[in-house]
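Here is my note on the model, point by point. Please read it with the structure open.

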Amino acid sequence: MNNNNKNNKNKEKIKNYNEKLLLMIKSQNGSKSIQKKIEEKSSDFTSKLYDQIKYNLFEIINDQYGNYVIQKLVEHCDKKIISSMIKKLFYHSQNTIDNNNNFYNKIEKNNLYEISINSYGTRALQKILINLSSSMTEEDINIILKFCKGNIYPMIKDINGNHVVQCIIENISNKDYLSPIYKEMTENIVNILKTKSGSCCVFPKVLNNINEIDLDIMINAIIDNIEKLINDENGNFSIQKIIKLNKNIYNTKIYNYIQDKISKLSVQKFSSNVIETFIINIPNLKDKIINKIIESNSIINLLSDKYGNYINR
């Protein structure tokens, strides 16, 4: 038997073994069995396992049982393997055989978004980001940011994807690297803050993990669009969050918008919450708001209104 035939047979054996391993990982019992082995075996085992599955990571991470294998592997493997996962996962790659029976890696597309919105993939991807955070290199960060580009708003409005955005924001320690994400958010700020996940989940994380320059740009963009957000069922929460930052420069701008509209805003379902938050949290401007209400002769109307009566109280 010549060497070419031997090589072909070996490649066929490897292919068959990898296919069986993939089927095992994607079965309930097989997934549990491999997770147990990951816990019991050495780092040498996890390294070999990764080498066998690295070209099928996309398929495994989005599988209902396979994603648990990825999560378990991430908990027990070397940080370099997790870094490699980032590179492999964000391209949709397949281990393919050409006409000469040679393996090659076929790059199809950026799949960060598809993984993020998948109910199984999102869990494993978050585990990867969390476990990589302490040793995340500049190369890792650049890869993450590269594949986030153009996907931030679609991810934020998705029930699963928004958790990945939160995870990225929290686990990249140098906040200056996050500027491209915040720039993209700012460009879509109204649409983002009109979603529950954007206003109530992602935006609070942003406020805790943003540098002063990016913060100022984003908040000014929000205040510039306050009319579209203040009486929105989700957008009003973001205005309240800004008020609670207790920064005079922002609260003065908000006051300048609401001062001639207080009576109207006070009897609307969502904007009334903003007025109430302003009165409670900004004592130096509270008297001005009360005087505006008195001057407008609207106290009686507020008392009889189901939202306005909260302002009077």
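1. Serine 47 is partly exposed, because its relative accessible area is 29% (buried means under 20%, exposed over 50%, partly exposed in between; 1.4 Å probe, protein chains only). Serine 47 belongs to helix H3, residues 43-53. Helices (H or I, at least four residues) and strands (E, at least two) are DSSP runs, numbered from the N terminus.

2. A word on the basis. This is a predicted model: local features need pLDDT of at least 70, side-chain atom pairs count only at pLDDT 80 or more, and totals for chains, interfaces and linings use all residues. Residues are numbered from 1 along each chain as its sequence is written, and side-chain values use heavy atoms, with hydrogens and water left out.

3. Overall make-up. The protein has 23 helices and two strands. Of its 313 residues, 47% count as buried. Among contacts (heavy atoms within 4.5 Å) with a separation of 6 or more, 70% come from residues 24 or more positions apart.

4. Helix H2 covers residues 28-40. Its 13 residues should span 18 Å at 1.5 Å a residue, and the end C-alpha atoms are 19 Å apart, which agrees. The expected span is 1.5 Å times one less than the number of residues. Which residues of H2 are buried? They are Gly30, Ser31, Ile34, Gln35 and Ile38. Seen down the axis, the buried residues of H2 fall within an arc of 135°, so they line one face of the helix. The arc is that of the directions from the helix axis to the C-beta atoms. Asn29, Lys32, Lys36 and Glu40 are exposed, on the face of H2 turned away from its buried side.

5. Aromatic pairs. Rings of Phe, Tyr and Trp (its six-membered ring) pair if their centres lie within 6.5 Å; planes under 30 degrees apart count as stacked, over 60 as edge-to-face and the rest as tilted. The count comes to one aromatic pair. The ring centres of phenylalanine 90 and phenylalanine 147 are 5.8 Å apart and their planes stand at 75°, so the pair is edge-to-face. Phenylalanine 90 lies in the loop between helix H6 (79-89) and strand S1 (91-97), and phenylalanine 147 in helix H9 (residues 138-148), so the pair ties together parts that are 57 residues apart in sequence. Phenylalanine 90 counts as buried at 1% relative accessibility; phenylalanine 147 does at 5%.

6. The largest nonpolar core holds 86 residues. Such a core is a set of buried Ala, Val, Leu, Ile, Met, Phe, Trp, Tyr and Cys residues joined through side-chain atoms within 4.5 Å. Ile70, Met85, Met185 and Ile258 touch the most other members. Leaving out residues up to four places away in sequence, methionine 85 touches Tyr50, Leu57, Ile70, Leu73, Val74 and Ile128.

7. Two loop asparagines. Asparagine 246 sits between helix H17 (235-244) and helix H18 (248-258). Its phi is near 60°, a positive value in a residue other than glycine. Most residues other than glycine have a negative phi. Asparagine 246 counts as exposed at 51% relative accessibility. Asparagine 160, in the loop between helix H10 (152-156) and helix H11 (161-171), counts as buried at 18%. Asparagine 160 touches Ser116, Ile117, Asn118, Ser119 and Thr122, not counting residues up to four places away in sequence.
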